[in-house]
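Please look at the sequence and the structure first.

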Amino acid sequence: MHKVKAVFALVAAILFAMSPVYSSGFNGFSAGQFPIPQDTPPVQPAGYAFSIWGLIYIWLLAGALFGLINRYDDPAWDAMRWPYIVSLVLGAAWIPVANISPAWATALIWLMWGTAALALMRAGTRDRIWLRTPIALYTGWLTAASCVALGLLLAGYGVLSQSTAALLMIALALALSAAMLALRPDTPEFAAAVVWALVGIAVTNADPVNWPVLALSGAGVVALALLVLRGRPDRLS
């Protein structure tokens, strides 16, 4: 059964990595997908930030392949596989859903985040490069992306203004990130993915300058860096 789960994990990673191929790709929701068009929404990172998906896809694939060949019966790997598989299977359907319905895509990405976070919590401490790093990067980016999606939904349906939604969702992403880093201080890669998203949001809000969002994004980068530095060196090995 352990080997079967390892095979499922690799298949899920392959399906997830192929999702941009069998869909039209995704670089953020379009303005017209919302009742209130979201033109240059302050909560959404600049387009280049989405390139991190390439790194995530490749690293998840490499990690799943390594796990199948070398660690299929290792409890440190096996414990995280079911939530990992569920998250990636959901992720394989996310781009087609996002291109049709931001609301359903938002619900789906929060499920992806929840199962990815559970996988990261269950991941063992060995094989950092192959196990912790890809899952941490994936979960970190999903932490930011799920908050971005919810912020767009809140502004796009008129629940909050664009700037208020951006500030609230950045704060939520930072709170979730702080909690995750408190539970897994051995995953600075998680923080790196969130920082990447925050820098992308800062770029979006640099011209024209949106000082509140820009300031909170910058403060978030500093706060996450400090949280990582506070982690014990032996936990980062």
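In which crossing, left-handed or right-handed, does H5 pass H7? H5 passes H7 in a right-handed crossing, where right-handed means that the near helix is turned clockwise from the far one by less than a right angle, and left-handed means anticlockwise. The model is predicted, so local features need pLDDT of at least 70 and side-chain atom pairs pLDDT 80 or more, while totals for chains, interfaces and linings use all residues. Residues are numbered from 1 along each chain as its sequence is written, and side-chain values use heavy atoms, without hydrogens and water.

**Helix pairs**

- Helices are DSSP runs (H or I, at least four residues), numbered from the N terminus.
- The axes of H5 and H7 (residues 162-183) come within 11 Å and cross at roughly 20 degrees; axes are lines fitted to C-alpha atoms over the stretch in contact, with angles from 0 to 180 degrees between N-to-C directions.
- H5 is therefore roughly parallel to H7 (under 35 degrees; over 145 counts as roughly antiparallel).
- Contact means heavy atoms within 4.5 Å, and the H5 residues that meet H7 include Trp 110 and Trp 113.
- The contact of H5 with H7 has nine nonpolar, no polar and no charged residues; Ala, Val, Leu, Ile, Met, Phe, Trp, Tyr, Cys and Pro count as nonpolar, Asp, Glu, Lys and Arg as charged, and the others, Gly among them, as polar.
- The axes of H1 (residues 2-18) and H2 come within 9 Å and cross at roughly 160 degrees, which means that H1 is roughly antiparallel to H2.
- H1 passes H2 in a left-handed crossing.

**Pocket**

- The largest pocket has a volume of about 280 Å³, a volume being the space filled by probe spheres set on grid points joined across faces, edges and corners.
- On a 1 Å grid over the protein atoms alone, a pocket is an open set of points with protein on both sides within 12 Å along at least five of seven lines, a cavity is a set where a 1.4 Å probe fits but cannot get out, and lining residues have an atom within 4 Å of a point.
- The pocket is lined by 22 residues, and Phe 26, Phe 50, Trp 53, Trp 94 and Trp 141 lie nearest its centre.
- H6 gives the largest share of this lining, five residues.

**Cavities**

- The structure holds two cavities of 30 Å³ or more.
- The largest cavity has a volume of about 70 Å³, and H2 gives the most to its lining, with six residues.
- The second largest cavity has a volume of about 60 Å³, and its lining has 11 nonpolar, no polar and no charged residues.

Terms used. Helix = DSSP H or I, 4+ residues; strand = E, 2+ residues; numbered from the N terminus. Parallel < 35°, antiparallel > 145°, perpendicular 65-115°, else oblique.
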